[in-house]
Each structure stands twice: as structure tokens, then as C-alpha cells.
Amino acid sequence: MPDSARVVIIGGGIIGCSVAYHLTKMGWKDVVLLDKGELTSGSTWHAAGLVGQLRSDRNLTRMLQYSVFLYEQLEAETGLNTGWNPCGCLHLASTKERMYELKKGVTTARSFGLEMHIVSPKEAYDLCPILSLEGIIGAAFMPTDGQADPAGLTQAMAKGAKDRGAKVFQNTLVTGFEFAKKRVDVIKTNKGDIQCEILVNCTGMWGYQIGEMMGVNIPVVPFQHQFLVTDAIKGLPQHLPTVRDKDSLIYYKKEVDGLVMGGYERDGIPWSIGGVSNDFTSQLLEPDFDHFQTLSVPAMKRTPCLEDAGIVKLFNGPEAFTPDGNAIMGPAPEIDNCYVAVGFNAFGIAAGGGAGRMMAEWIVEGEPSLDIWPLDIRRFGPHHKSRSYNVERTREIYGKHYTIHWPYEEHDSVRGVRLSPLYTILKEKGAVFGAKYGWERANWFAPEGVDPKDKLTFEIPHWFEHVGNEHHAARESVVLIDQSSFAKFEISGSKALKYLNWLAANDIKKPVGSVTYSQLCNARGTVEADVTITRLKDDTFFIVTGTAFGLRDAEWIKRHMPKDGSVMFRDVTSAFAVINVIGPNSRRLLKKVAQDDVSHENFNFGECKMLTVGYTPVTALRITYVGELGYELYIPNEFACHVYEALWEAGQDLGVRNAGYRCVNSLHFEKGYCYWGAELTPEYTPYDAGLVFGVALNKADFLGRDALIKVKEKGPKWKLCSFTIDADDPVMVRGSEPIIHNGKVIGITTSGGFGYTIGKTIVYSYIPIAHANHTSGYEIEVYMEKFPITRHDNRSLYDPERKKILV
């Protein structure tokens, strides 16, 4: 083993070998891969080998599409058999709700350029004549999905990497690390030490404990996963697709002349949660036939040929799962030169090729070519450092692996982790909570006599009317919204202004008391964060960002800070509750409880004032995300209940109501405002999103300025458009629906919802400039049904002149 390497990868499963393969393909030859056993000896060797492509997220689907592209040519490139078989995948449906999900899948596939068809039960039987059609009401078929030999794929990618200069060392156990500041300097192994510039943790279900050794939180949890392999089955057709019968929680694939059958039971069993033994190499757990019976019984009904089939083996191989069902990838926030790619939730073979490519691009180019925020390790919060939290939430997620993914579904486990001071008050007033980043947030309020609980449906939900009432109150009187979960940072120091004005696209060199809305862009000019920046003092600033983006945005801010101590960062999220007072009566309400002058002349839009509300010092920001006169009140936590009660009591004659986040969504859709992670991502520039006012090219140099100058000169490639659906009733959109013009898919929706004031369903979509200015011919497809849609020149469908905001 060499004394040093540019990149050291720990873990020789399909992910680690794919990272090595793609790093060397991008020209980085000095790559070393270490595995404590032999290649594939963790969980890759016993994976079932199904390769599906469709996910609800466009870029995750693209990542998996690349895997298929790679697997189609890998055997020819390396000369090793990969077992790749593009046999297609058949998805069965036994319920109306599952058919909704399949239709959503077909519609989403269309928007992603994937072929997928709804087929009848008879057509499903023709594709797979071993099925019993009892209870089947429909199916969908994706012809480009397939299956592969996991070990063959891995060995082929390892060979490709080695052929280009990578070195692979098997039976090499990592025993520890030496650090230099915030970097891994030396990796200690049972065969000696090796220095590295970059470390990549691809250790699968060992990811948690390797992370612990480095001080990196990686919330993967191993779960037992069982599937059986049969003897040869007489009369089995030569060509069969893979099959997913999710209503029965089972899957199938053909294996030689027999079948592989497995699934995801509702009561999954976590295993070795304190850390997996390093001796667990190329091993299986004892089969649990009793537990497997919840899968085998429905499987014999769906495929009667299993009743008489001999069983070669019941595999019980643990695999790494995560608290949200998505893989964990990207740069570890705790260590500057450490990357992570673990926890693929039994999708490792399908994701292997694409994930390796994304990681290699992250390492070589500083970011992947696709925005894969749903997989980014920085999505996890402080509560994910709790092992018990991760185990309990992952248990629930494992049990939902094959259940229906409902719109607006909330999870039930480990709730009540992070509570606003107003939680109890709002619960007593009918709040129906959802969880985000560990926070309990009011989604909507149930009036007296209405069950304060979501009822899952693909159709118009029972809360629709009640959210509409909250919406109208915000437009016509005044509402209070608890937004304490906002992530909040304080930036201070002698160079704080100079630094933040370089980091932000907008100009924040404004007087003390100014509030500036800005994007933080990367060198390509695309959006990394969407924030408000308030100048509290000459050298002190207050930054607010979305609930789930705190760690990501904090890491971006701190990564670029001067190293000389002239700028200091402090996370103050937990120091302040936030009450958003919104609506045309909001100023009248604030006047009744504040001892200060809050008139328009004294407190203008885009300003910050220190007020006394009741008996409480409050930092008030006059800004809005919903298109109405409004004030965000930042309150020391211990005073929050007092301020709320004062506002509530004083607002009774003004029609004050509580409102939740579903109301916020409806309001902001009408106003044309964007949301980071949907409309604003590292794929698009502020010019694409129509946020020209937030780019100050006339100020001194800032991060992304050169790229944005070029975009302005050449013109943006995309235009974020607002459409309304021409339908009499609300259309329940979920995102990723295709936008069609004259029969051609030209975009997909980023988000959407119903606008109660305009009485229409609104969707946003990025459209290529060449197609973004047609006056007619647009359609949207929702659950395979097409609707005409109208494109609006002004994305702001409510109060485009901003009179309501500036009054």
C-alpha cells in the first residue's frame, strides 16, 4: 500500500467501486480503495439486483437513468460479465389508490423522458404469465428497467478503475484516523498508514461507526432484509420482467430457471444498531421464516407456482437504511476533506452507477452535475445525532418502503422533537401539525367539531375548505402564523459587511435597520441559498433562511468566511420564536399592542425596528412572503406566549385567525414567490427565476458576478413561468407534472397548489426561452389526464403592482 494518495475510498461495494471508476474516468489516477474484506463482501454481494429508474424527483431519476446507460456498456468496456438484463419492470395495482400512484408514475416518467405505460390485467398477465390476477385492477410497465448481477457490476467497475490507475487493497481494515485541524490527514489500517487529500466513506451499513470515528454524523441504520431463491420451476417462461406487487409488499425477479422473491414487511427488524462487527464479512443472518411469512403467504397467492417450488435458500442480509428513505451523499459538514456515500435503502444497485458519477463530480468539480439536494448529507439536523431517533424513524420508513406514498403524508414516529413555545397554545386552538427538520409546525387549523387530523387521499382533501378560510382571512383581515422554525444566524465582525456583500448577489450595503432579500450564488451564478439579511448594527447582521436549510446554508456561509477571525458566525435559531402577523389589518393590530410608532411613514417595507410589544422587546421585520402587509416578529423564546396572547386578544375585533403552512403555500403561489429546493436550486440563476431585482451587478465583486454578467449579456436559457389550470374544480398537483406545448413536453412543474383568491390551480415551471412566450397551446398532464393551461406574463397573479405590500 502506498504511503499517500490523492483520494482514499473506504468500502469496496458497488458504491465505492463506482466512485473509483468515475474518478479515474475524470482523470484522477491517484486513487486508493480499501476494503476490510473482499470486494462486495458487505451488502452488495447479497443484493437482489433489481434496477429501477423512476423516482418522484427529476434529478434522482436522471441519476438512475445514467446507471442504466452505464450498465448497458460496462461489460463491453471491461470484458467482465455484469448480468445486465433490460427485462422491464411490471408494477401491479390492487386498489384505486395504487392506480392513482401508477398514473402519477406514468405522468412523471413522461416528463422525465422515460417510457412507462398503463396496462390492463390481461396485458400484465401476457407479460408475466405466472401471475394470478386475483384482485388486480391494473398495472404499469416500464420496459427499460432491468436486473443485474451486483457482484458482476462491482467487479467490472473495479476493473475499469484499476485499468486507469486506481489501486485496490482488500482485507485492509481501517482502524483509525489522524486529523490536522478540520481535515483527515492519515488513515490508519492494519496494513499501515496512508495519507490522503480526500477521504470518501462508502462503507454502507458500517457508515455510522466510521462516521463516529471521524466525528461525522451519518444516520444509517442496518435492517434485516430477506428474500428467497427457488429451485428451478417447471414451465417457467424464459423471459420475465421484474415484478413489484407493492400492495402485497413483494417483488420478484427471474433467477436462472427459478425465482427470487422478497419484499418489505411493515414491521422491519433493525440489526446491530450500535455498530456492525468488522468480522461480519460475506456473511448472512439466520433466516427468520416466521417473520418472512407476512411476505411468503401473499406471494404464493400472487404466483401459485411458488406453492410447489423448492427453496434453495432464504437470504437474510442486512442493508443500510436511513430516516427519510434517501441515500446520504456529499461533503461532510464536520470535516473539510471528507465525502460520504452510504445508506442506499436497498436501491444501491439501481443507484450505483449514477451515485458514483455524482460523487466523482462533487470531488473533482466541487459540485455534481445534477442538483441532488434530497440526498445531501446536510439535510440532517441536530436531532439526527440521536441513535434512538434514527432507529425509530427508520423503522417506520422501512415499513413504508412499498406502501402508498400519499400527498401531504406525515410520519407518526418520534414526533414532538422540536417545539415552538407556542405549540401547546396552538394545539388547543385546533392546530394540525406536520414535522419538518424535527420541528412541529402547524399545517392547518381544524375548526371546532372537525377532527384535527389529516385524512390521506389523492383527491380533494378534507382540510381544503379550512385552509381556504385561513387564506381569505390573510387576504381580508389578519392572521398569526408561528414560524419559529426558521433557521436564524448572526454574522458579526469588523469585515462582516464586506464579506456578506461579496457573498450575496444583492447589495446589502444599506443603512442599519435595512432588510435585504438576496440569493447566495456559486461561481456559476446559480442559486445556493435564498435568504433575508438584516443589518442590525454597523458590524452585525441577522440572516433568516428556511427551516430545513439551516445546516446547508450555515455550511455555505462558514465555508467562505475569512480565516482571520474578522467575521464571526453564530446560529441563533433556538433563541427566537417568530410570529408572522399578516394581512391588511396587521398594522392596526400591531398598533394596539406596540408602544412604538408603526405607521407606514415610520416603519416602511424592507425595514427592521426594535419594538416593545406588550411587555416584550421584539425585533420586527416588515417583509412578506405572501403578498400582504405583514410583520415578522422575532421574540426571545420566553416572551413568545405573552406576545401571542397580546396579539390574539387585541385582534378579536379585527377578525384575527390562526393560519398554517398550507395557507402560506397557497398565498405565495398567487404572489409568484419562489421556494428554495423547488424553484430556486443550483441548476438555475436568479435571471432564470425572474429575480433580476436581487442581482446588483453595479456593486463591487461578489461570488457569481462574472457568470451572471454573461447570463445577462446572452440572456437566460430558462424562464420561470406561472400557469393556471383551466378547470372548473381544483386539480391536485404534486410537482413533476409535464408541461406540454403543441404535443411536446417542454418543462415540468416545480411546485403548485390552489389559489383561493383567484379560484384557480397554479403551477410553476421552468420553460426554455424559445417556448416561454407563446400565447396559447399549453397543456399539463396530471394523473394521465390533460388540462389546458394559461401562461401569465406576470408571475404575480395577485396584486402585481404591490399596492397591498407597500400601503
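A nonpolar core is a set of buried Ala, Val, Leu, Ile, Met, Phe, Trp, Tyr and Cys residues joined through side-chain atoms within 4.5 Å; buried means under 20% relative accessible area (1.4 Å probe, protein chains only). The model is predicted: local features need pLDDT of at least 70, side-chain atom pairs count only at pLDDT 80 or more, and totals for chains, interfaces and linings use all residues. Numbering starts from 1 along each chain as its sequence is written, and side-chain values use heavy atoms, without hydrogens and water.

**Nonpolar cores**
- The largest nonpolar core has 51 residues, of which Ile9, Val19, Leu23, Val200 and Met329 touch the most other members.
- Helix 8 gives the most to this core, with nine residues; helices are DSSP runs of H or I, at least four residues, and strands are runs of E, at least two, numbered from the N terminus.
- Val19 touches Ile9, Val200, Cys202, Gly356, Met359, Ala360 and Ile363, leaving out residues up to four places away in sequence. Contact here means heavy atoms within 4.5 Å.
- Another core lies apart, with 40 residues, including Ile130, Phe141, Leu240 and Tyr398.

**Glu265**
- Glu265 sits in the loop between strand 16 (258-263) and helix 7 (289-302).
- Glu265 is buried but has no salt bridge (a side-chain nitrogen of Lys or Arg within 4 Å of a carboxyl oxygen of Asp or Glu).
- Arg266 is the nearest side chain of opposite charge, 9.5 Å away; Lys and Arg count as positive, Asp and Glu as negative, and His and the chain ends are not counted.
- The Glu265 side chain makes polar contacts with the side chains of His291 (3.0 Å) and Tyr398 (3.4 Å). A polar contact is a pair of N or O atoms within 3.5 Å; within protein, one must be able to donate a hydrogen and the other to accept it, and residues adjacent in sequence count only if both atoms are side-chain atoms.

How values were computed. Buried < 20%, exposed > 50% of the residue type's maximum accessible area, 1.4 Å probe, protein only.
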